[in-house]
Structure formats: structure tokens, C-alpha cells
Amino acid sequence: MTILLSTLNARYTHASLGLRYLQANMGELQSVTQLQEFVIGARTTDMVEKLLAQQPRIIGFGVYIWNVEETTKLVALLKRVAPEVVIVLGGPEVSYESNEQSIVQMADYLVTGWGDVTFPALCKQILHGPKPLMKTHAGVQPPLAELTMPYQLYTDEDIAHRTLYVEASRGCPFKCEFCLSALDKTAWPFDIDDFLQQLETLHARGARLFKFVDRTFNLNIKTSLKIMDFFLAKLAAHPEDPVFAHFEVVPDHLPDALKEGIMKFPAGTLQFEIGIQSFNPEVQALVSRKQNNEKAAENIRWLCEHSQAHMHVDLIAGLPGEDVASFARGFDKLVALQPHEIQFGILKRLRGTPIIRHTQEYGLVFDPHPPYTILATDRIAFNEMQQLVRFARYWDLVANSGRFTNTLPLILGASFSDSPFANFMQLSNWLYATTDATNRIALERLAVLVAKWLVSIGMEEEQVAAVLRSDYAGQANTKLKTQANKKAEHTAEKKAEHAALPQRQARHMAV
């Protein structure tokens, strides 16, 4: 008798926190419950073979927007070759609008919402009776104090090679309509002392990279300070072996006490994910996003100028009521604040989110297939949206990668416009017209293309080559490098290999 918990992660470096919560709370069934994680892109037949090798009675799948298509194929094949195995689904993708999904129709049972208590109870009924009559089981939300934390289930392999996801709280008090957290009533905190003891144990086992999945890390400042003090103590005690912490923060809530703590973190140990999404007050009101834009901009500027935290700031294109010009103004405002990365996202229609209430009035057209990306609105035509999609991809390759740090100001300050957005759009359109591709562009080729574009708009070829040589991209470009560059590249690569922080951040930090 075996119960398997499985999911398809986006990358091997991702370890499923949700599955580990289920396993930790299986009670008397924990001894017969095993974890079997895969990565999207794996062969369906290979996954089926590995799952069935465990001779499971029950397989529970975590289903998300990024893995639902491949998980659907996996469930379909399992039902063909092993129809006796009971399939239970859970996760945000199947918790809403369930009846219309083929994966739900093929499965035996579905747990919607929180599964920590409901999934073990369902497994007991399946194995020992009485057999559940209902296919869909609404997840029971217990007090967090009643849940067993799962961190002991991170293996030594996880600690050595994967990002460890942790949470000091669940839920979110905000109601942004494009986010599933809009359905939460509030945020619920775990006991902070118990939680920090779990982090202590992980650290003692060698864990150094911690990614907090809390939606509102800085909502309760007392708790935030306790968590930061934990990491600062580790940094003080082991400066040669630093920890790295990643938090999502509310942009307009940064009191002085929190600033004082943030300033104590050395470079390469702290990363903030900050959701702006839109600087347009009318758009914010439409999607129920409460945000003091002036305070948010002031705080981002302060973090960039007075802290060594690595800054990722998010914008979303395609929100109802926002046209390209409005989005561009917000983008340019963020560029002026100079965060390390601007995460340019395209709106997606997550199942269950209230954003669909604007569909008719604002002409929202979404792709019917995952990840349900916005295709057009009444303000942004389909072809314009595709230009934004390509802009986002090239922006990630050129700006966010950290490989063109010295070249980027030349691009954003091009002579087409005083708008960085407009100038990068010119490059984006040119790159697509030249390559007919947004993926599989090798770094060397991308560096050559950027150089060619800069020369084509009137910049001196030698100046462009010199700037590119000063970048990682230039060092990696065999057409631009000299013997001295080769030596510098080798040294930089060796440093990156041994860096404690993620390499993409290391490239930003090296400037």
C-alpha cells in the first residue's frame, strides 16, 4: 500500500513546498506516503513508469498553471495502463472552474483549496472505507497551529542543490483581482518562534538559500524584524558562509525600523520582489489594488540608493483600462528608479480570479490554453500585445540578465525618443524583424545583434565595441574579445561558479 505525492515542477531547482506540507500532515499514513517530483518537459511514459514502479494505490497530483497540460497527459496515460490506481488532484489550477477541465473528468477525486487536512482524510476513506461518494472535496482550512511544518522533509539533496521555499504566513489581506490571493480573507501567521526554530534546523543542516512565499512579508513589522534578525545573526556569525533570503514586500509600507534592518544586510544576501503592476491610479482602482504610488516610488528609490538589497520590481501589461502609453509611462518611471531588474509580465487569467468581471466592458480576450495569457483588450490590439510580449522576452535577455549592464544605457538613451520604453521597443522590433525569433538566441549572437543595431542608429562602431567588451556579453562574444578579454572572462566565470548568490544576481552585483 503506497500513496504517492507528485507534481511537475518548472525546474529541478524548485522543490514543492505544497507536497511536503501534505506529506508532513499524513498522520498514520505518513509511513506509506512517498514523494515523487518531476520537471516539466520529461517524457510522459518515463514518468508513468517511475510512478508505477512504486506500486501505488493512490497518486495525488499538484496541478498548477504551468504544468496542467503535461499533467493532463500524464493522468490520461495512467488511466490507460493502470486504471486501478486512484488519482486525486489538488492545487490552484483545478480548485476553480473544475467541471470544464478534462483532467478533472479523468481523475477519481478532487480536493479544492487547502489540502493539508482534507487529503489525508480522503486517503483514509479510499483505503479503509467507507468509500467517498462525492468526487469533489472542499479543503478544510485548519488553524495554522494545528499543521505540522514540513521543513524536515527537505532532503540533503534538496538542501545542497535546490532553493528551499518557506512561509511565515499564508494568505493576503489585499484584493488585487488578477491574483488568487484576492480570494483570501486575510493573512494568517505561523507561530514565529516555531517557524524560526525550523529555519535554525535547516541552517544547521547546511541550507543557505531561503525563498519566502509569503505574499506580504512586511505587513507585520515586528515579525519581519524577527525574521531579519535571524538572518543577520547568521551573517554575523558566519560571514564566510553567508545566507541568502528572498522576500516579497509591499512597496508602500517601509517604516524606519525596517529600513534600519535592511541597511545591515551586506551585498549578495537579500533580495526583494516588489509588485507595482501599474502606476495608473484608475487601473489600480479597477482591479482593487490599493497602493500609494508616491510612497511606493519613494521606497524603491530609497532601497536602491541606501541598501544593498537586490531589487526585482514587477509590472503587468494588459490590465483592464490601461493602454500602451500608460504602461510605457509606468515603465519609464521604474527605469528612472533604477532597480536591478524590472520584471515585465503579461496579464494571465488565473482560474478563480475576479479579473474576469471586466471581460466584456474592457474587451479582455484571453488565450483559452494555459497559461491563459491576455491576447487583446479594448485599449491594446492583438498585434500591439504581441509586440509587448516580445519586448518582455528581449528585456529579460538584455536588461534583466545582467549581461549588458553598460550597454543598456546606450539602448535606453537612443535618439528615437526621451522614453526608455520607446527606445527599447525600437530595438525589440528590430531584433524580431532580423531574427524572427525570441528564443534560442545564443549570447554571442545577441551581443553581435545589439552592436549592429546601435551602429545602425548612428553610434560609433568602436565605442559600441568598447562598451560591449566591458560587459559580460562582450567578454563572451568571440568577435569582440581580445586575449585580455579572454583572461578576464575566465576569471569572471570562476568567480561566478563559486559565488554563494544566484549567478544572474552576481552579474548585476559585479558592475
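## Two cis peptide bonds

P130 sits in the loop that runs between α5 (118-128) and β6 (136-138). In this predicted model, the peptide bond that joins G129 and P130 is cis, with omega about -10°.

A cis peptide bond is also found from P370 to P371, where omega is near 5°. The loop that holds P371 lies between β15 (365-366) and β16 (374-376).

## A positive phi in a strand

Strand β12 covers residues 270-277, and Q277 belongs to this strand. Q277 is not a glycine, yet its phi is positive, near 70°.

## Confidence of the model

The mean pLDDT of the protein is 92. A value of 70 or more is reached by 92% of the residues.

Where does pLDDT stay under 50? This is the case over residues 476-500. For that stretch the model has 27 contacts beyond four places in sequence.

## The annotated domain

UniProt lists residues 158-397 as "domain: Radical SAM core", in an unreviewed entry. In the model, the end C-alpha atoms of residues 158-397 are 28 Å apart.

## Helices α2 and α3

Two packed helices are described by the angle between their axes and the distance between the axes. Helix α2 (residues 44-52) and helix α3 (residues 68-81) have axes that come within 10 Å and cross at roughly 55°.

On the α2 side, the contact is made by T44, T45, M47, V48, L51 and L52. On the α3 side, K73, L74, L77, L78 and V81 take part. By class, the residues of the contact of α2 with α3 are eight nonpolar, two polar and one charged.

## Helices α8 and α9

Helix α8 spans residues 221-237 and helix α9 spans residues 256-263. Their axes come within 10 Å and cross at roughly 10°. Angles under 35 degrees count as roughly parallel, and α8 is therefore roughly parallel to α9. The crossing in which α8 passes α9 is left-handed.

Which residues make the contact between α8 and α9? From α8 come I221, S224, L225, M228 and L232, and from α9 come A257, L258, G261 and I262. Seven residues of the contact of α8 with α9 are nonpolar, two are polar and none is charged.

## Helices α16 and α17

Helix α16 (residues 443-456) packs with helix α17 (residues 461-470) at an angle of about 145°. The axes of α16 and α17 are 9 Å apart. In this pair, α16 passes α17 in a crossing that is right-handed.

A447, A451, L454 and V455 of α16 form the contact with E461, V464 and L468 of α17. The contact of α16 with α17 has six nonpolar residues, no polar residues and one charged residue.

Technical notes. Residues numbered from 1 in each chain as written. Predicted model: local features only at pLDDT ≥ 70, side-chain atom pairs only at ≥ 80, totals over all residues. Heavy atoms only, no water. Axes fitted to C-alpha atoms, helices over the stretch in contact; angles between N-to-C directions. Helix = DSSP H or I, 4+ residues; strand = E, 2+ residues; numbered from the N terminus. Parallel < 35°, antiparallel > 145°, perpendicular 65-115°, else oblique. Left-handed = near helix turned anticlockwise from the far one by under 90°. Contact = heavy atoms within 4.5 Å. Nonpolar A, V, L, I, M, F, W, Y, C, P; charged D, E, K, R; others polar. UniProt positions renumbered as here; feature names shortened; annotations may be inferred. pLDDT = per-residue confidence, 0-100.
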